Amino acid sequence: MSADRDAERRHDRKEDHVRLATMQWEPGQGDGSSARGNEFDDLDFVHHAMDAVALESVDPATRMFNRDAAWPFYINGMTGGTAHTGRINQQLAIAARETGLAMGCGSVSIALDDPDAAPGFRIIRRENPDGLVMANIGVGRSADDARRAVDLLGADALQVHINAVQETVMPEGSPRFGDWLSGIEAIVAASPVPVLVKEVGFGLSPRTLHRLADVGVRFADVSGRGGTDFLRIENDRRPGGDYGYLTGFGQSAPACLLDAASLDADSRPTLFASGGVRNPLDVLKALALDAEAVGVAGAFLSTVVEVGAEGLIELIGSWQRHTRELMALLGAPDLEGLRGTDLLIRGRLGEYARLREIDAGAYARRRES
């Protein structure tokens with residue numbers, strides 16, 4: 001295949017991803033939830049009517065990569081590499097700048113191979129010169145590629161996404177998984193900025209988190225099932241769509257966070273969460289399960305595609321107000337307070353907890369202790 005034809009196919013794939021991801025969040029399409037539902041709905045806060053605190057006492061700040069972040073949710077990596085997706089990145093970067101959110105980008109691998117695709121990523125730093133920006137490459141890329149990706153955006157951190165399920169179903173996929181862990185170790189050792197390893201919507205198990213920690217990974221996004229479904233996207237791109245029976249594969253973000261509690265905090269990466277986050281209540285549920293910060297992609301992508309940066313700025317402002325208000329309602333003046341709230345674990349998520357021998361009752365009685 002010629003270099004020009006290969007670049008054309010990569011560009012087409014990026015456009016397909018945005019088109020199909022946006023369709024998943026359209027009304028009537030399940031707003032990103034997989035066939036097995038969104039397990040954030042299996043979590044409920046116990047309401048204690050006299051526990052609310054004054055709104056002015058609430059501080060929702062968190063730490064991201066050992067630096068202060070005013071808000072505990074961020075714009076997660078989505079796209080880039082074509083003229084159209086570059087405009088989307090520009091709008092996302094403007095929204096991040098105006099609202100003070102951290103922002104990730106989609107995989108920059110296309111720009112590492114084709115310099116003509118680089119402007120669609122550089123626009124992020126141009127529009128948001130002082131914000132916290134994360135570059136993104138796929139596992140399997142070299143340590144030198146990791147440094148180039150960071151340089152491309154002037155990034156403050158690097159996301160490395162692992163996507164075995166997507167590579168299996170993707171028509172152009174190359175499921176060569178055997179050297180992934182050693183490759184991640186090399187990237188962590190060489191990267192000039194903190195590295196966050198993330199899934200792309202199928203979850204990170206305790207076994208995986210432990211193996212990542214062993215090679216030096218200090219930050220991990222569990223990125224669970226329930227949001228933008230890349231299995232469905234790649235299957236829709238396949239002639240015949242013969243992998244449809246795998247729909248719902250993997251673990252949700254709440255399941256991953258519950259499972260990760262079995263690991264000693266000093267022997268696992270600091271946890272971020274994404275996958276199926278639809279509103280500020282989902283953000284708070286993930287934070288209450290010990291996520292340090294929460295990534296949002298599909299809900300923000302659909303907004304920026306439909307109404308641009310101004311519409312997304314308005315939406316994020318609403319999320320920020322609601323985050324503080326809900327924390328006050330729950331009697332949580334800060335993130336540590338959220339981690340002491342009482343949570344009921346029901347339905348499919350409750351069944352997962354039972355089978356994995358997670359003490360769901362202890363989460364329902366945290367205020368007692």
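Is Glu357 buried or exposed in this predicted model? Glu357 counts as exposed, because its relative accessibility is 76% and the cut-off for exposed is over 50%.

**View 1. Glu357 in the loop between helices H14 and H15.** Helix H14 covers residues 347-355 and helix H15 covers residues 360-364, with Glu357 placed in the loop between them. Glu357 has a positive phi, near 60 degrees, and is a residue other than glycine. At 76% relative accessibility, Glu357 is exposed.

**View 2. Ser223 in the loop between strand E9 and helix H9.** The loop that holds Ser223 runs between strand E9 (219-221) and helix H9 (230-237). The phi of Ser223 is near 35 degrees, again a positive value in a residue other than glycine. Ser223 counts as buried, because its relative accessibility is 4% and the limit for buried is under 20%.

**View 3. The largest nonpolar core.** This core has 93 residues. Phe73, Ile75, Val108, Ile137, Leu153, Leu158 and Phe300 are those with the most contacts inside it. Helix H12 (residues 298-329) gives the most to this core, contributing eleven residues. Apart from this core lies another one, of twelve residues, which includes Ala69, Tyr74, Met134 and Leu196.

**View 4. Surroundings of Ile137.** Ile137 is listed with the residues that have the most contacts inside the largest nonpolar core. With neighbours within four places in sequence left aside, the contacts of Ile137 include Ser107, Val108, Ser109 and Leu112. Ala146, Ala149, Leu158, Gln159, Val160, His161 and Ile187 are also in contact with Ile137. Among these partners, Val108 and Leu158 are themselves named with the residues that have the most contacts inside the core.

**View 5. Helix H11 and its two ends.** Helix H11 (residues 280-288) is largely enclosed by the rest of the structure, because eight of its nine residues are buried. The buried residues are Pro280, Asp282, Val283, Leu284, Lys285, Ala286, Leu287 and Ala288. At the start of H11, a side-chain oxygen of Asn279 comes to within 3.1 Å of the backbone nitrogen of Leu281. Just after H11, Asp290 has a positive phi of about 85 degrees.

View 6. Arg278 sits in the loop between strand E10 (270-273) and helix H11, whereas Asn38 sits in the loop between helix H1 (3-24) and strand E1 (43-45). The two residues are 240 residues apart in sequence, and their C-alpha atoms are 9.6 Å apart in space. The side chain of Arg278 makes a polar contact of 2.7 Å with the side chain of Asp41. A polar atom of the Asn38 side chain lies 2.9 Å from the backbone nitrogen of Phe40.

**View 7. Cys105 and Cys256, two buried cysteines.** Cys105 counts as buried, because its relative accessibility is 1% and the limit is under 20%. Cys256 also counts as buried, at 1% relative accessibility. A disulfide is a covalent bond between the sulfur atoms of two cysteines. With a cut-off of 2.5 Å between cysteine sulfur atoms, the count of disulfides in the model comes to zero.

Terms used: Residues numbered from 1 in each chain as written. Predicted model: local features only at pLDDT ≥ 70, side-chain atom pairs only at ≥ 80, totals over all residues. Heavy atoms only, no water. Core = buried A, V, L, I, M, F, W, Y, C linked by side-chain atoms within 4.5 Å. Buried < 20%, exposed > 50% of the residue type's maximum accessible area, 1.4 Å probe, protein only. Helix = DSSP H or I, 4+ residues; strand = E, 2+ residues; numbered from the N terminus. Contact = heavy atoms within 4.5 Å. Polar contact = N/O pair within 3.5 Å; in protein donor to acceptor, adjacent residues only side chain to side chain.
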